[in-house]
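The entries follow in the order I made them.

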Amino acid sequence: LETTAAMVPGADFDMAARMVTDPALRLHFIGGRFSGYLAGMLWQHLRQLRADCQMVSGNRPDRVDSLIDIGRRDLIIAFDYRRYQVDTIQFVTAAAERGAQVVLFTDPWASPLVAHAKVVLTAPVEGPSPFDTMVPALAQVEALIAAATTRLSPSSRARIAEIEALRGLSKITEDEPPSNPKTAPHSGDHAGE
């Protein structure tokens with residue numbers, strides 16, 4: 001994690017945070033076979049904080065069709081690590097050619113998408129197993145979520161409250177377990193006994 005922090009200049013991270021919180025930009029998130037999970041996590045958080053956030057479809061025809069609406073008002077947040085994924089490269093390249101800006105999360109060897117990226121956030125991927133680790137990249141995602149939360153705090157609080165109200169009305173989530181006298185522990189009961 002210390003290596004990751006040293007690999008990304010503060011100015012680059014700040015620019016990425018400014019870009020993802022710019023209300024004039026529509027955000028599109030894309031990743032590869034494994035890095036798509038990171039893209040999805042960032043998307044799930046940012047769409048709660050601001051409007052105009054879309055996850056790019058994994059369906060190739062849908063991806064191609066979505067390019068029709070991409071232009072100068074769009075920001076592509078792309079995750080592409082070694083064993084760089086051709087369909088991710090093709091989509092982001094086409095979006096950049098249509099005027100979209102790109103924030104790229106990648107490894108030290110650098111995805112071919114660096115040629116189109118306004119900001120590049122690099123993370124090491126070497127780990128103890130034969131598979132690359134996503135832990136440093138996950139830390140970058142978490143840091144970007146925190147920075148966006150701080151920047152959007154005045155407007156995002158009301159948005160999140162409204163989302164929570166809608167979820168409550170729709171019985172999507174439950175903050176506290178329902179009180180049920182038949183299943184509630186008795187006053188003398190202790191968990192695990």
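Is the crossing in which α2 passes α6 right-handed or left-handed? I found it to be right-handed. I note that the model is a predicted one.

Entry on α2 and α6. I read helix α2 as residues 10-20 and helix α6 as residues 135-169. Their packing angle is about 55°, and I have the axes 9 Å apart. From α2, I listed Phe13, Asp14, Ala16, Ala17, Arg18 and Val20 as making the contact. On the α6 side I listed Gln140, Ala143, Leu144, Ala147, Ala148 and Arg151. Sorted by class, the residues of this contact came out as 8 nonpolar, 1 polar and 3 charged.

Entry on α3 and α6. Helix α3 covers residues 35-49. I have its axis and that of α6 coming within 5 Å and crossing at roughly 40°. That angle makes α3 oblique to α6. I recorded the crossing of α3 past α6 as left-handed. For the contact of α3 with α6, I noted 14 nonpolar, 4 polar and 4 charged residues.

Entry on the pocket. I took the largest pocket, with a volume of about 410 Å³. Which residues lie nearest its centre? I wrote down Arg33, Phe34, Arg82, Arg83 and Asp132, out of 13 residues that line the pocket.

Conventions
Residues numbered from 1 in each chain as written. Predicted model: local features only at pLDDT ≥ 70, side-chain atom pairs only at ≥ 80, totals over all residues. Heavy atoms only, no water. Axes fitted to C-alpha atoms, helices over the stretch in contact; angles between N-to-C directions. Helix = DSSP H or I, 4+ residues; strand = E, 2+ residues; numbered from the N terminus. Left-handed = near helix turned anticlockwise from the far one by under 90°. Contact = heavy atoms within 4.5 Å. Nonpolar A, V, L, I, M, F, W, Y, C, P; charged D, E, K, R; others polar. Parallel < 35°, antiparallel > 145°, perpendicular 65-115°, else oblique. 1 Å grid on protein atoms, 1.4 Å probe; cavity = no way out; pocket = protein on both sides within 12 Å on 5 of 7 lines; lining within 4 Å. Points joined across faces, edges and corners; volume = space filled by probe spheres on them.
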